[in-house]
Structures are given as structure tokens and as C-alpha cells.
Amino acid sequence: MQLTTREAERIFNKLEVEAIRSTHHVRGFVTYNGVRLFPVHYSNGRKDMPGHVPKRFAKSLNLALDEFAELKRCTMSREKYFGIQAERGVISLEAVEVSGEQRP
């Protein structure tokens, strides 16, 4: 499986990753209800990333390779991604109360 910089950028946008660009990399965190869950990053450039990178990128997103392929093909929504994380016990999809406010 290959991963291009453009595909990684699309994944960052879809998951609404809090991203910080530097000279060589884009780093950020997958967040849910304001809580940082997973640190993720990719290198800037226009080429395909080396063969081991997609596997590590999937692991950093807490996804199996087949789930990552679905995310990469843009057939997985942000909601489905967080549904998978909820099934694994990483997050709770129930409303979270923060400072007296209800947040979904």
C-alpha cells in the first residue's frame, strides 16, 4: 500500500487534525471533544512515502490496514472513524459535560 502526501493531507482534513506545519513535516493530534487522542505526522513533499509509512500512519490512527485503506479511499467518514474508536473503548460517544455545557 502506498500513501502520498496529498492523501495524508486529505486524511488530516477529514479527521480535523489539529495540525502544525514545519519545514519538513506536518504534525498534529486527532482530537475528539477537545481531547487529544493520537499524535500523527507526515512529511512534506510530492512523492509517495516509503512502503513502511502507511502501516505506521495507520497504527498512529489506531486503525487496521483494511480500515486505513477505507479511510484513504474517502469511503470512511469522520463519524465512522470515531465509531470505530468508541468500539475499541478509546472514546465514549455519549455527551460530555464540560463547564456546565452539554457537548456531543
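In the predicted model, threonine 5 touches Tyr42, Ser43, Asn44, Gly45, Arg46, Lys47 and Met49, leaving aside residues up to four places away in sequence. Threonine 5 belongs to helix H1, which spans residues 5-14. Its relative accessible area is 10%, under the 20% limit, and threonine 5 is therefore classed as buried.

Six salt bridges are found in a search of the whole structure. One of them pairs lysine 72 with glutamate 7, with 3.9 Å between the closest N and O atoms. This pair links distant parts of the chain, since lysine 72 lies in helix H3 (residues 65-72) and glutamate 7 in helix H1, 65 residues apart. Both lysine 72 and glutamate 7 are buried.

Helix H1 also contains glutamate 9, which forms a salt bridge with arginine 21 at a closest N and O distance of 3.8 Å. Arginine 21 is located in strand S1 (residues 18-21), so the pair ties together parts that are twelve residues apart in sequence. Glutamate 9 counts as partly exposed, at 32% relative accessibility, whereas arginine 21, at 55%, counts as exposed.

A further salt bridge joins glutamate 70 to lysine 80, the closest N and O atoms being 2.6 Å apart. Here glutamate 70 is part of helix H3 and lysine 80 of helix H4 (residues 78-87); the two residues are ten residues apart, and the pair links distant parts of the chain. Glutamate 70 counts as buried at 17% relative accessibility, while lysine 80 counts as partly exposed at 40%.

Definitions and conventions
Residues numbered from 1 in each chain as written. Predicted model: local features only at pLDDT ≥ 70, side-chain atom pairs only at ≥ 80, totals over all residues. Heavy atoms only, no water. Helix = DSSP H or I, 4+ residues; strand = E, 2+ residues; numbered from the N terminus. Buried < 20%, exposed > 50% of the residue type's maximum accessible area, 1.4 Å probe, protein only. Contact = heavy atoms within 4.5 Å. Salt bridge = Lys/Arg side-chain N within 4 Å of Asp/Glu carboxyl O.
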